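User: I have a structure open and a few things to ask about it. Can we go through them one by one?

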Amino acid sequence: MRTILVVDDENDICDFVQNFFGERGFRVFTARSGEEALTVAKKEHPEVVLLDVKMSGMDGIATLKHLKEIDREMKVIMVTAMDDQERINEACKLGACEYITKPLSLDRLEHTVERILA
């Protein structure tokens, strides 16, 4: 079964994306912080991580660095509220494969995840 980890400090987004991908046959894990994401990633080894850039505590860039230390092959899609080219470039250098801007388009999100897993 395909696995995905959704990391966002907004409960509504985690729940929304969890339901969306759950209905499509994914096993979905959620984390409300970077620290929680690392714990889940070590235990569950998700194929894809949807990672919010701006979170309180450990932000998405720092979380990405640690996720790649856990598993360099993990596919990470950065999710950002604004098109911050500097942070996007940094995330790409650290191994993120894609970025998506909020508000989330379900069609684009699904297409991006399917393309990355193909």
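**Cysteines, a glutamate and a helix**

Analyst: Cysteine 92 is partly exposed, at 43% relative accessible area; buried means under 20%, exposed over 50%, partly exposed in between (1.4 Å probe, protein chains only). This is a predicted model, where local features need pLDDT of at least 70, side-chain atom pairs count only at pLDDT 80 or more, and totals for chains, interfaces and linings use all residues. Residues are numbered from 1 along each chain as its sequence is written, and side-chain values use heavy atoms, with hydrogens and water left out.

User: Switching to glutamate 98: buried or exposed?

Analyst: Glutamate 98 is buried, because its relative accessible area is 18%.

User: Which side chain does glutamate 98 make a polar contact with?

Analyst: That of arginine 115, at 2.6 Å. A polar contact is a pair of N or O atoms within 3.5 Å; within protein, one must be able to donate a hydrogen and the other to accept it, and residues adjacent in sequence count only if both atoms are side-chain atoms.

User: Which residues of H5 are buried?

Analyst: Leu109, Thr112, Val113 and Ile116. Helices (H or I, at least four residues) are DSSP runs, numbered from the N terminus. Those buried residues fall within an arc of 95° seen down the axis of H5, so they line one face; the arc is that of the directions from the helix axis to the C-beta atoms.

User: What is exposed on the other side of H5?

Analyst: Asp107 and His111.

Key. Helix = DSSP H or I, 4+ residues; strand = E, 2+ residues; numbered from the N terminus.
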